Amino acid sequence: MTHTDATPFHGGPSAARAADPAYPAHRDCPMDPPALLGELRQQAPASRVTLWDGSRPWLVTRHAEARQVLRDERFSADSTRDGFPFVSPSATALRDSPPSFIRMDPPEHDRQRRMVTQEFMIKRVSRLGPRVERIVDELLDDMIAAGPPADLVEAFALPLPSLVICELLGVPYADHGFFQDRSRVLLNQHTPVAEVRAARDELTGYLRELVGEKAVRPQDDLLSRLLADHTDHDDLTMDDTVRMALLLLIAGHETTANMTALSVLDLLRHPRQWELLCADPGRVPGAVEELLRHQTIVHTGLPRVALADTEIGDVTVRAGEGVLVSLAAANRDERAFPEPDRLDVERPGRRHLAFGFGVHQCLGQPLARLELQIALTGIVRRLPGLRIGVPADELPFRHNMAIFGLFHLPVVW
Ligand code: HEM
């Protein structure tokens, strides 16, 4: 195996250890995970990789073992513990601040997550359907009236989830330029540590003020309900409320935006699949699951640290060792999916791990599914003649971002 697939920030102390491949690895084709993942998956359920700081966590690449780790409470998601793996220097920047519940373990994780579970239940979220349909229609009306060409990210994929999460949380959409920009800074693995901290502080300051206003003048939104039900009763501090707001705001728009744009691109690169959906938009819900599997946007691995010696297949992970669970590798595991590299919108089942697994499995998945289904249905219905507007090698992929996707997607029709 070669070690030439190092990321740009690799080459520090780790360069001396040639034995374990550098990670994260480079993608040869932006639409497929790095070849390294397939090679490692072939060899063992978990393999050592070398990160930018010289640490050597285990990378779990097989579907069964990914599920095993993610549901096992002996693997902690608490980033303040020694041995927790950070895939980039920028990811370490937030180590000094208390985390939101995505980086907590039970029981505190469960206690905080339960405070917002109701808001994201399928039944509750499906009530947002008519509103999401209206937003999709209006965004497509505007894009069609102004174009072609258009940037599908700016005109559609980004505003849709941003508007929805703003309305749900009670964040003014007028501030979208600010929070989208700062979120990108936070998620960019090349951002210098000081800038990551500055972006976090600005976002936190903004949300603290907003939450403060809601405490005085509550509205009909999630943050006001959280304050009334929990913060006022002292079971959630104001700081925790602000951190939760930040988690929901970022997770609520960056993920779905990138998944929408990548889904459209993946389908356009597979004309037969695109035609199947245009001919029968009723196939969209199944296609969304297959696209989530095929384009796993949380692509650098879910970080965990072992609390006790534990077996992963025939590998023993020692207490205190870091683990990265590669959802991208697990979702292309031939043991779980026949012909895993093929996009097949008629593939049955929902066994993919794009939303993670176990106690941290994505809280927002009913909302993400609703948005993706309505977005893709709108596009195949109204723009069946959609095409990519630039040569494929000019597409700006988000290689260095914690959430994979596209910065822009130029399209014509
Ligand atoms: C296509 C869209 C999305 C994808 C692929 C996705 C993926 C994921 C993944 C893989 C995790 C697990 C992280 C871990 O175990 O360390 C996660 C957690 C989470 N997601 Fe999503 N997500 C999406 C959309 C959303 C949306 C729309 C929201 C809404 C606010 C959201 C909120 C969250 C939250 C709060 C967590 C933390 C859950 C916990 O720790 O208990 N996500 N997501």
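Helices (H or I, at least four residues) and strands (E, at least two) are DSSP runs, numbered from the N terminus. By that rule, the chain has 15 helices and 10 strands. The model is predicted: local features need pLDDT of at least 70, side-chain atom pairs count only at pLDDT 80 or more, and totals for chains, interfaces and linings use all residues. Residues are numbered from 1 along each chain as its sequence is written, and side-chain values use heavy atoms, with hydrogens and water left out.

Start with the whole chain. Its C-alpha atoms fill a box of roughly 55 × 55 × 35 Å along the principal axes. The radius of gyration is taken over C-alpha atoms, and the globule rule is 2.2 Å times the number of residues to the power 0.38. For 413 residues, a compact globule would come near 22 Å; the chain has 21 Å, which agrees. Buried means under 20% relative accessible area, exposed over 50%, and partly exposed in between (1.4 Å probe, protein chains only). Of the 413 residues, 55% count as buried. Contact means heavy atoms within 4.5 Å. Among contacts with a separation of 6 or more, 72% come from residues 24 or more positions apart.

Now look at the sheets. Strands of a sheet pair through backbone hydrogen bonds, either parallel or antiparallel. Here two strands pair if DSSP finds at least two bridges between them. Five strands form an open sheet in the order E1-E2-E8-E5-E3, with mixed pairing. Its edge strands are E1 (46-48) and E3 (75-76), and each pairs on one side only.

Follow strand E8 (residues 322-325). It runs antiparallel to strand E5 (residues 302-306), and four bridges join the two. Arg 304 has Val 323 of E8 as its bridge partner, and Leu 302 has Val 325 of E8. E8 also pairs with E2, this time in the parallel sense, over three bridges. There Val 60 stands opposite Val 325 of E8. Both faces of E8 are covered. Gly 322 and Leu 324 are buried on one side, Val 323 and Val 325 on the other.

Helix H2 (residues 63-70) lies across E2 (58-60), E3, E5 and E8. H2 runs at about 125° to E8. Axes are lines fitted to C-alpha atoms, for helices over the stretch in contact, and angles run from 0 to 180 degrees between N-to-C directions.

A second open sheet has three strands in the order E4-E10-E9, with antiparallel pairing. Its edge strands, E4 (150-151) and E9 (387-388), each pair on one side only. Two bridges join E9 to E10 (residues 410-412). Ile 388 has Val 411 of E10 as its bridge partner.

Turn next to helix H12 (residues 271-279). Its buried residues are Gln 273, Trp 274, Leu 276 and Leu 277. Seen down the axis of H12, they fall within an arc of 155°, so they line one face of the helix. The arc is that of the directions from the helix axis to the C-beta atoms. The face turned away from that buried side carries the exposed residues Arg 272 and Ala 279. The cover over the buried residues of H12 includes helix H11 (238-268), helix H13 (284-294) and H15.

Finally, find the iron. Which protein residue is the donor to the iron atom of the ligand? The single one is Cys 362 (SG), 2.3 Å away. Cys 362 is found in the loop between helix H14 (327-330) and helix H15 (365-382). Donors are N, O and S atoms within 2.8 Å of the metal (3.2 Å for Na, K and Ca); water is not among the atoms, so sites may look incomplete.
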